[in-house]
Amino acid sequence: MKMKPPQTSWIALSARAYRALLILYPADYRREYGALMVQMFRDVCRDAYRRRGLMGILMWWCKTILDLAVTVFEQRRKVKLVFPKSLLGRQAGLLLMLGGAFSALAAISQFQPDDHYIYYGIYQVLMLMFAPAYALIGLGCFGLAQRYAETFSTISKWLLYLTGIGALVMVVGLVATALRNTLWNIWFAGGIVHVIALTLFGLVHLRTPTLPVFRGLPLMMAGGWLVLMFGVLRTASQTSNNLLSFLFMFGMGLGWLAIGMAINRQQRATVSDPRLVPER
Amino acid sequence: MSDTTMHPHDLLPLTPAVFHILLALADGEKHGYSIMQEVARITDGTIQMGPGTLYGTVKRMLEARLIEETDERPDPDMDDERRRYYRLTQFGERVAQAETARLARLLNAAKAKRLVEGAT
């Protein structure tokens, strides 16, 4: 039986170990350069062994580990910046996820036992959580419009901007109402703009889906708002009204959360598939 | 980034890794390992680029159109066909010249302030 020379085993073992470590790099980078990096690593190993034996390989490993630690971090950081370019566009998923989560939490305010013209105690605190929720959702809508600027139609883009503006006016209204109850009109006006723009966007999205979610989701969310805002929801008891009101608001929060999560998932998939990364 | 929209000075100063690779490729196409060897040679062995640094920089330089892949192989019979060869683009050459001129101006300034050993 023919035995392998010892240096071949050390070099082959090192190359295998290095190939395994490449898992630390982003998938698209690994696919493009992984084989070349292993080949270069092996070449240097061979050289190092010829010059200094096993000590040469060990020294090369020390340099390689340092190189790996620095460049893995660099490549991972870059992946986040590949797509898209604007800050809001990049963070749209995160903004909508946080906004959705805050909104779902704030929906608990609907369990206030009596009527909902004035909120008090913990219910008021929960109701005020709609302010950060809709600030985040508003900014998230701007981010969506920028993120999908090239795939959305002009009308979709502007409807999303309008949805975002409505959400931000609602935030002003919520804060103003907390200071002076008669200012609820601001909140209502913002809500009208938000819901109409979202409804129209939902209709366009139903026809030409662009977001990576169920095509009817934006329209369903807008439908929930319409039911709540125009008081269609009236059942026999306050308790069941509260429960339904909570379910609608909670559902809308979950809707934004789902859109945010889907966008984040799409971003990860995009950067791991180089064919989907737009040329810079 | 492309040579049609960018001026060489827009990219200055270059990182040491980018400039070393431009220098290594200044006299013809090379594959990754020979770039690494050339960088070690021109820096008297003080810089040995790891695979991560080299290919991370190569990726950035390809995106910036400083270098390009080439199908030409200096000696196809002796070579592993899986290797990829890179060469400077015209834009890359202009950027290398601009960086060299910038460094030369710095060197002259350092000489004037007697910071360079052996300079008169």
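**Entry 1: the segment after α4(B)**

I started with B:Arg114, which lies in the segment after α4 of chain B. Helices here are DSSP runs of H or I with at least four residues, strands are runs of E with at least two, and both are numbered from the N terminus. This is a predicted model, so local features need pLDDT of at least 70 and side-chain atom pairs count only at pLDDT 80 or more, while totals for chains, interfaces and linings use all residues. Residues are numbered from 1 along each chain as its sequence is written, and chains are lettered from A and ligands numbered from 1 in the order in which they are written.

I looked up the backbone angle: B:Arg114 is not a glycine, yet its phi is positive, about 55 degrees. Most residues other than glycine have a negative phi. Is B:Arg114 buried or exposed? It counts as exposed, because it has 9 C-beta neighbours inside 10 Å. My cut-offs: buried means 20 or more other C-beta atoms within 10 Å of the residue's own, exposed means 12 or fewer, partly exposed is in between, and C-beta atoms are placed from the backbone.

**Entry 2: α4(B) itself**

Next I stepped back into the helix. α4 of chain B covers residues 90-112, 23 residues, and reaches 33 Å from its first C-alpha to its last, close to the 33 Å expected at 1.5 Å a residue. (Expected span is 1.5 Å times one less than the number of residues.) Which residues of α4(B) are buried? I found B:Phe91, B:Gly92, B:Val95, B:Ala96 and B:Glu99. The buried residues pack against α1 (16-25), β2 (67-70) and β3 (85-88) of chain B. A contact means that two C-beta atoms, placed from the backbone, lie within 7 Å.

B:Arg65 sits in the loop between α3 (51-63) and β2 of chain B. It is partly exposed, since 18 other C-beta atoms lie within 10 Å.

Then I checked peptide bonds. Most are trans. The bond joining B:Leu12 and B:Pro13 is cis, with omega about -5 degrees. B:Pro13 lies in the segment before α1 of chain B.

For the overview, I noted that chain B has 4 helices and 3 strands, in the order α-β-α-α-β-β-α. Of its 120 residues, 31% count as buried.

**Entry 3: chain A**

Chain A has 10 helices and 0 strands. Buried residues make up 35% of its 280 residues. I picked out α6(A), residues 130-147: its 18 residues should span 26 Å at 1.5 Å a residue, and the end C-alpha atoms are 24 Å apart, which agrees. α6(A) is mostly covered, with 17 of its 18 residues buried.

The mean for chain A is 82, and 86% of its residues reach 70 or more. I marked residues 271-280 of chain A, where pLDDT stays under 50.

**Entry 4: where the chains touch**

Last, I looked at the contact, which takes 16 residues from chain A and 15 residues from chain B. On the side of chain A, α2 (27-52) and α3 (54-82) each supply at least two residues. The largest share, 8 residues, comes from α2(A).

Methods:
Expected span 1.5 Å × (residues − 1). pLDDT = per-residue confidence, 0-100.
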